[in-house]
Amino acid sequence: MQHFSENFEDLEKIEIERPNTQEILNLHDDLISKIKSATSSEEASEILKRFFRLTDTVSTIFNLIYIRHSCDTRDQKYDELSTLIDEFGPEINVKSNEFIKALLASPFIADLEKEFGQYFFDLQKLSLKTVSSEIIPDLIEENKTVAEYVKLIAQALIEFNGQKYTLSEMGKFTTSVDRETRKNASEAVWNFYEKNDDTIGDIYDRLVKIRTRIAHKLGYQNFLQLAYDRMHRLDWGPDDAAIYREKVLEDIVPLSKQIFNRQKERLGYQNDTKYYDYKVFYKTGNPIPDKDANGLISAAAEMYENLSPTASKYFNFMVSHNCMDVVSKPGKASGGYMTYIPDLKTSFIFSNFNGTSGDVDVLTHEFGHSLQGFLGADYIVPDYRSPGMECCEMHSMSMEFLTYPYMQNFFGKDTEKYLYSHTCDAITIIPYIVIVDAFQAYVYEHPDISHQERKAYWRKLEKTYLPHLTYEDNNFLASGGYWMKQTHIFEVPLYYLDYSIAQVVALEFFIASLKEPQKTFEKYISFCKLGGTLPFRSLLKAADIANPFDGDTLKEVATNIMKYLNTFDLTKIDS
Ligand SMILES: [Zn+2]
């Protein structure tokens, strides 16, 4: 199998050989039989370490292929290799599970738990609880049904102004500063969903029933707890989420209402403000960066140099070793991501700069992910390097706020505009996320209700959490159809809440940084270094971060953010 060294000079120049799939499977088989026949805890420990190294090398090969393919989808070699790993991935998963099962049955488990930590084994046990050979046909059906939704959305073509656009391309029209354009564009988009109301309703109904069936076969009362177990939520559950949603209603919704009211005043439509108007935050347009891609990267390098020697070291490493591909070019896949490459001990950032404030977010948000990747790199257990789903966005979202004092270097005259709207977005997204979560909890607790009843429940939630939304001239939205565009509801059930938990933690870091910037950044670095060594509650406790679920955390965040927002002179910003 190909071997890699962390002493590389240029990521782009690393040659990638075609992986020998049979060899990889054989290496797994060898470790499975060795762990079964190990005669001492030292031997079992050595085998487990070899398993971790094998996992790292396989994920290094897979990630490099994925990166090359996304940077140029026209390159035939990587197109073929990408198909190869798509097909081969599930086979490796089966082998890994087989190894883990043998490991958990090992007579030396107590010694191994002492050496590698209980948490790794708890995670593996939870994973195994959510799979069984009995549900394989149901899982295939679940994936196929999700794929039906994905395909319907991806292939949608919306006719607008005599041309055809995809749903994501319509985004530039639905957020247009020209009111007539955004009105017509929004209606065109929602017409698509209205036309497909029955189809999407049927796809979702089947998904709910398949998932409920899987849960019953695995011995769960309904799908809700199974969804939590699938996401490795070890130390919190649906009851915590329900309490959190109530707190959001009490502490965040009033602030969010105030933000929307101010927006309404700025836009000047008063009682005639429509749902599509809220897509435009400033009458005079959104903040845009005042530099090109190279200018933004230089500004980021300068910022990290001033902010922290640790951050600066890794940012410069990524630039000098070609670990960022941020500019749009022909053949490049869309979207953006950051991925960690274990055997090279580096992160890679992929994005398509498009001249919006999103470009700056790549250099803060994605670099926050990267920095955590670097700082967690030394744990032998791969699961310990980065935290679970509810915590992995905390480092990235926090970096967006910890870099606030440097935004002048990216936005120039639009700086105030950026700071104000970015903070407002962080607050107003929370009630929306909570609706998505409450909706799904209700649906999976009542799997037999009809599509119409689901829609009615969604609308009821909107009226509670986002009361400013009025849909009098859109029957589809008034009937509770908005959720049909929220892909997470179909693809990763019950996941979305994690973004709001991470958002609150990011706001906590921000509030602390206003008083003590230096000390807060040091605390952030320590938090990154903890990686994923602990489950959610313990991780926050170890990092001395107030848990968004507990006590008055939300109330304090809301009070402090309101104070910060009140320091802006809005008449000056939006004129
Ligand atoms: Zn992220």
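The following dialogue explains how to read several features of this predicted model.

Reader: What secondary structure does the protein chain contain, and how many helices and strands are there?

Author: The protein chain has 25 helices and 5 strands.

Reader: How is the radius of gyration of the protein chain to be read against the globule rule?

Author: The radius of gyration is compared with what the globule rule gives for the number of residues. Here the radius is 25 Å, close to the 25 Å that the rule gives for 575 residues, so the protein chain is as compact as a globular protein of that length. Along the principal axes, the C-alpha atoms fill a box of roughly 75 × 55 × 50 Å.

Reader: What share of the residues counts as buried, and what does the protein chain expose?

Author: A residue is called buried when its relative accessible area is under 20%. In this protein chain, 56% of the 575 residues count as buried.

Reader: Which share of the contacts joins residues 24 or more positions apart?

Author: Among contacts with a separation of 6 or more, 74% are between residues 24 or more positions apart. The C-alpha atoms of Ala 426 and Leu 507 are 8.0 Å apart in space, although 81 residues separate the two in sequence. Leaving aside residues up to four places away in sequence, Ala 426 touches Phe 401, Gln 503 and Leu 507.

Reader: Is Ala 426 buried or exposed?

Author: Ala 426 counts as buried, because its relative accessibility is 3% and the cut-off for a buried residue is under 20%.

Reader: How many positive and negative side chains are there, and how far apart do the centres of the two sets lie?

Author: There are 62 positive and 85 negative side chains in the protein chain. The centres of these two sets lie 3 Å apart.

Reader: In which sense does β5 pair with β3, and in which with β4?

Author: Strand β3, residues 324–327, pairs with β5 in the parallel sense over 3 bridges. Strand β4, residues 337–341, pairs with β5 in the antiparallel sense over 5 bridges. Individual partners can also be named: Val 327 has Phe 353 of β5 as its bridge partner. Met 338 stands opposite Ile 349 in β5, and Thr 339 stands opposite Phe 348 in β5.

Reader: How many residues of β5 and of β4 are buried?

Author: Strand β5, residues 346–353, is mostly covered, with 7 of its 8 residues buried. Strand β4 is mostly covered as well, with 4 of its 5 residues buried.

Reader: Where does a positive phi occur in a residue other than glycine?

Author: One case is Lys 345, whose phi is near 50 degrees. Lys 345 is found in the loop between β4 and β5, and the hairpin of these strands has 4 residues between them. Another case is His 232, with phi near 60 degrees. His 232 is placed in the loop between α10 (223–230) and α11 (238–267).

Reader: What is the relative accessibility of His 232 and of Lys 345, and how do they count?

Author: His 232 counts as partly exposed, at 29% relative accessibility. Lys 345 is partly exposed, with a relative accessible area of 29%. The reasoning rests on the cut-offs, because partly exposed lies between buried, under 20%, and exposed, over 50%.

Terms used. Residues are numbered from 1 along each chain as its sequence is written. This is a predicted model: local features need pLDDT of at least 70, side-chain atom pairs count only at pLDDT 80 or more; totals for chains, interfaces and linings use all residues. Side-chain values use heavy atoms; hydrogens and water are left out. Helices (H or I, at least four residues) and strands (E, at least two) are DSSP runs, numbered from the N terminus. The radius of gyration is taken over C-alpha atoms; the globule rule is 2.2 Å times the number of residues to the power 0.38. Buried means under 20% relative accessible area, exposed over 50%, partly exposed in between (1.4 Å probe, protein chains only). Contact means heavy atoms within 4.5 Å. Lys and Arg count as positive and Asp and Glu as negative; His and the chain ends are not counted. The place of a charge is taken as NZ of Lys, CZ of Arg, CG of Asp or CD of Glu. Two strands pair if DSSP finds at least two bridges between them.
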